[in-house]
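Subject: The structure we talked about

Hi,

Here is the structure for you to open at your end. My notes on what turned up in it follow below.

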Amino acid sequence: MNQNDMTLVVGGTGKTGRRVVERLQHLGLPFRIGSRAARPAFDWEDRTTWLPSLDGVAKAYVTYYPDLAVPGALETVQSFFGHTVDAGVRKLVLLSGRGEVEAEQAEQALKACGADWTILRCSFFNQNFSENFFLDPIVAGEVALPVGPVAEPFVDVEDVADVAVAALTQPGHSGKLYELTGPRALTFADAIGEIARVTGRDIRYLSITPEDYRAALLQAQVPGNVIELVLYLFGTVLDGRNTPVTDDVRRALGRTSRDFTEYVQRTAASGVWGDGRG
Ligand SMILES: NC(=O)c1ccc[n+]([C@@H]2O[C@H](COP(=O)([O-])OP(=O)(O)OC[C@H]3O[C@@H](n4cnc5c(N)ncnc54)[C@H](OP(=O)(O)O)[C@@H]3O)[C@@H](O)[C@H]2O)c1
């Protein structure tokens, strides 16, 4: 095995990163997880951790946490891209957000850094309903969000991971920006309705004001910076700008993207949403 052929997966325990790691492992390719819990540890907030994580690394999948839209993110990722190139990394695949000006600035920084690049500009993930902030409300039977009848083409992170691994391991993806969406756009009410139908549970969707949402998050003791981020994302990204569906999963992989219903059936079978008896 080439000692300088490692792929660093930043956020390698997160929603997309974990799946990228599984695929690299399956292919028998060397990888290193970048996370605060990994050894060596990687921490976006502690730049002394970056170089040890980049030792022997040829390619990296980069997911920034919590979001490229938070203050300071651009400067941090720009600096990280510079560190990767100095360390000899030749290929960078960036997970980006659709409809975020700040994410587009990070994309520009990536394009300018000198490494070979691929950008995955993604819609809201399906897995937010099962591995992130919507899970607890779904289990509780009521999801209240400051989003009206705006349709979002939720994308499955299994597709995001498939495209990331293709970009990391196969030719033909360099210098490409993929806007990854699912095959159809659904409102949040549609999405929750589908989860209720498949699980056989009574789950309500309520569209509430940003003020009421803020009050609910404060009451749940969510940290202030997280509240601001979530309100920004709901208010900015979910204004209809991202409703159009793209064909970029097919452009990258030669097949259609996974449908939301397939995700719901798979996830319901895992039991994570409860079985309706609770
Ligand atoms: N969620 C979506 O719908 C969506 C859509 C489009 C784009 N995105 C983009 O995806 C990115 C990740 O978002 P996500 O919500 O899906 O999260 P995620 O990848 O599930 O995030 C968790 C990962 O980040 C790591 N992490 C957390 N804090 C860290 C730190 N200070 N330093 C290093 N690693 C850290 C965690 O590992 P440790 O805790 O072990 O450190 C874990 O591996 C964001 O940039 C977001 O803009 C998300």
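Serine 53 sits in helix H2 (residues 50-54), where helices are DSSP runs of H or I with at least four residues, strands are E runs of at least two, and both are numbered from the N terminus. With a relative accessibility of 1%, serine 53 counts as buried; buried means under 20% relative accessible area, exposed over 50%, and partly exposed in between, for a 1.4 Å probe and protein chains only. Beyond its neighbours within four places in sequence, serine 53 is in contact (heavy atoms within 4.5 Å) with Leu8, Arg32, Pro40, Ala41 and Phe42.

A word on the basis of all this: the model is predicted, so local features need pLDDT of at least 70 and side-chain atom pairs count only at pLDDT 80 or more, while totals for chains, interfaces and linings use all residues. Residues are numbered from 1 along each chain as its sequence is written, and side-chain values use heavy atoms, with hydrogens and water left out.

Alanine 167 is another residue to look at, and its place is in helix H7 (residues 157-169). Its relative accessible area is 3%, so alanine 167 is buried. Setting aside neighbours within four places in sequence, alanine 167 touches Lys91, Val93, Thr118 and His173 by the contact criterion.

Now the overall picture. The protein has 12 helices and eight strands. Its radius of gyration is 19 Å, close to the 19 Å given by the globule rule for 278 residues, so the protein is as compact as a globular protein of that length; the radius is taken over C-alpha atoms, and the rule is 2.2 Å times the number of residues to the power 0.38. Along the principal axes, the C-alpha trace spans about 55 × 40 × 35 Å. Of the 278 residues, 51% count as buried. Among contacts with a separation of 6 or more, 78% come from residues 24 or more positions apart.

Phenylalanine 134 is buried at 1% relative accessibility, and phenylalanine 188 is buried at 0%.

For phenylalanine 260 and tyrosine 263, the ring centres are 5.5 Å apart and the planes are at 50°, so the pair is tilted. Both residues lie in helix H12 (residues 260-270), three residues apart, about one turn of the helix. Phenylalanine 260 is buried at 2% relative accessibility, and tyrosine 263 is buried at 1%.

Which residues form one aromatic cluster? The members are Phe124, Phe129, Phe133, Phe134, Phe154, Phe188, Tyr205, Tyr213, Phe234, Phe260, Tyr263 and Trp273.

Best wishes

Notes
Phe/Tyr/Trp six-rings, centres within 6.5 Å; stacked < 30°, edge-to-face > 60°.
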